[in-house]
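User: I have a new structure to learn from. Can we walk through it in short questions?

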2 protein chains.
Amino acid sequence: MTSQPRVLIIEDDPALLRGLSDNFRSAGFVVETATDGQFGLAQVLTHPPQLLLLDIMLPNLNGYDLCRRVRKAQLELPILMLTAKGQEEDIVRGLELGADDYMTKPFGILELLARAKRLVRPRTSMMHDSIAIGEVRFDRGARTLVRDGQTIALTTKEFLLLEFFVSHPHRALTRSSILDHVWGRALIVTTRSVDRCVATLRSKLEGEPSRPQFIHTIRDVGYRFEPTE
Amino acid sequence: MTSQPRVLIIEDDPALLRGLSDNFRSAGFVVETATDGQFGLAQVLTHPPQLLLLDIMLPNLNGYDLCRRVRKAQLELPILMLTAKGQEEDIVRGLELGADDYMTKPFGILELLARAKRLVRPRTSMMHDSIAIGEVRFDRGARTLVRDGQTIALTTKEFLLLEFFVSHPHRALTRSSILDHVWGRALIVTTRSVDRCVATLRSKLEGEPSRPQFIHTIRDVGYRFEPTE
DNA sequence: TGGCGGGGTAACACAGCGGTAACATTCGCT
DNA sequence: AGCGAATGTTACCGCTGTGTTACCCCGCCA
């Protein structure tokens, strides 16, 4: 399934870098390396790996800023920070900047590998039965939306459509793919039904329906769901 | 943002349990507790929280087995293990059993909270193919550009044009070849349409449109795309 | 059997994409 | 420097895709 995940290790200590590379390689990773912050960032942006192993103290661009830049570019790859700084506030800061894990030197290589493997482990993001969409909360169990205490019922189609949107955020979804997943290919309905259903869903989901916040339309293509904003 | 995530803390030391509860509550969590492995497991299965804080040493059912049972039930909720056992093999074992993080006592409450918050942070682990163009990121899946966290929508023509550019970098592209690939040979439009489309694309792509960085014009021929700078 | 609500289509309104034209500017050549 | 051609820029406008409203069909339930 996840054959040969690519890890990028950014670390300026040559000895440590080689040790890490060897260990990750024998653990089944494809290893790329960088020893410089600026260079590493460029590498991440041009060719994002499945996992980023990131030292804090780096020449030219430190790990915190690198992490911030990666998140600003809306890259969602897992980042494991790695540093001699063991102060609690450093760890908190790293995690708040968007790091996914944090280990302090000296560390056991087995633990590091275990944590790395966990980060590249495929995760179904459908774990929660209730999801926040801006001000609104989508309760999949009850098939309702809750906006400041008010419960809004969803019809079956609206529910399936929203589920499809939620499970494919930040992506251009064509009308035909929406039809496939929500209506099922067997049923022959117009793509206008999608528009119609999107309209009703918008009216329930969006606070200001004239300026859609979550469900953006892409002309000639379909729609794109942006949960955060 | 994510209003009031629910955390279940399973811990048999009453003093520690109260301390954790207070801290998590003031950090904005809704806290539920259990002091027994069997009871805790039942609670997880009947009413899964957004996060499980799990001690290893528990009466009736230890944390490892509890973790295994939760995963066996295909519950994907994040689990943060919490224990006095600091041996590396214990940590590795916990992570391999499906735990998402592992902290050893004594631990700093701030770090624990930071790690907990990370685990309930909604993550779209969907890695979509995207390309860096200078400071900007071109997200083909979403059909957008991202600059400084700002996402900029692309129209169909702009998207096709940019796709054509990025797939033929460092090359002089004639207007007629651009027309062929983006507009299709059948359609008869002026080559000025290309200029027009390039202009709008530049305005979205270039930081300083007066001095094009990425899309260079070649007089009497067409354009050339230089992704790096 | 009649009301009702989900959900599909039809009809109409409208907004924005994208094409062209007109004007401004730059570039190359002499 | 001056001129002409190519390209950047702005304005305008038609067309098509989408939002919106209305209507209707059909299954469900009393």
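Analyst: Start with one definition: helices are DSSP runs of at least four residues, numbered from the N terminus. Keep in mind that this is a predicted model.

User: Which helices each supply at least two residues of the surface near DNA strand C?

Analyst: Both chains take part. Each listed helix supplies at least two residues of that surface. They are α6 (156-167) and α8 (192-205) of chain A, and α6 (156-167) and α8 (192-205) of chain B.

User: How many charged residues does the surface near DNA strand C have?

Analyst: Around DNA strand C there are 23 residues, and T155(A), T156(A), T190(A), T155(B) and T190(B) come nearest. By class, 5 are nonpolar and 8 are polar. The charged residues number 10.

User: Which residues are closest to DNA strand D?

Analyst: DNA strand D is surrounded by 16 residues. On this surface, α8 of chain A and α8 of chain B each supply at least two. The classes are 6 nonpolar, 2 polar and 8 charged. The closest residues are D195(A), A199(A), T217(A), D195(B) and T217(B).

User: What is the reach of α8(B) from its first C-alpha to its last?

Analyst: The helix α8(B) has 14 residues. At 1.5 Å a residue, 20 Å is expected. The model comes close to that, with a reach of 20 Å.

User: Why are the buried residues of α8(B) on the same side?

Analyst: The buried residues in α8(B) are V194(B), V198(B), L201(B) and L205(B). They sit on the same side of α8(B) because they cover an arc around the axis of only 65°.

User: Which exposed residues does the face of α8(B) turned away from its buried side carry?

Analyst: Look across the helix from the buried residues, which include V194(B). That opposite face of α8(B) carries exposed residues. They are R192(B), A199(B) and S203(B).

User: Which residues have the most contacts inside the largest nonpolar core?

Analyst: This core has 57 residues. Apart from it lies another core of 32 residues, among them L54(B) and A99(B). In the largest core, the residues with the most contacts are L53(A), L54(A) and L80(A).

User: Which elements give two or more residues to the side of chain B that touches chain A?

Analyst: Here 34 residues of chain B are in contact with 36 residues of chain A. The chain B side has 12 nonpolar, 11 polar and 11 charged residues. The elements that give two or more are α4 (88-96) and α5 (109-120) of chain B.

Technical notes: Residues are numbered from 1 along each chain as its sequence is written. Chains are lettered from A and ligands numbered from 1 in the order in which they are written. This is a predicted model: local features need pLDDT of at least 70, side-chain atom pairs count only at pLDDT 80 or more; totals for chains, interfaces and linings use all residues. A nonpolar core is a set of buried Ala, Val, Leu, Ile, Met, Phe, Trp, Tyr and Cys residues joined through C-beta atoms within 7 Å. A residue is buried if 20 or more other C-beta atoms lie within 10 Å of its own, exposed if 12 or fewer, and partly exposed in between; C-beta atoms are placed from the backbone. A residue is near a molecule or strand if its C-beta atom, placed from the backbone, lies within 6 Å of it. Ala, Val, Leu, Ile, Met, Phe, Trp, Tyr, Cys and Pro count as nonpolar, Asp, Glu, Lys and Arg as charged, and the others, Gly among them, as polar. Two residues are in contact if their C-beta atoms, placed from the backbone, lie within 7 Å. The expected span of a helix is 1.5 Å times one less than its number of residues. The arc is that of the directions from the helix axis to the C-beta atoms.
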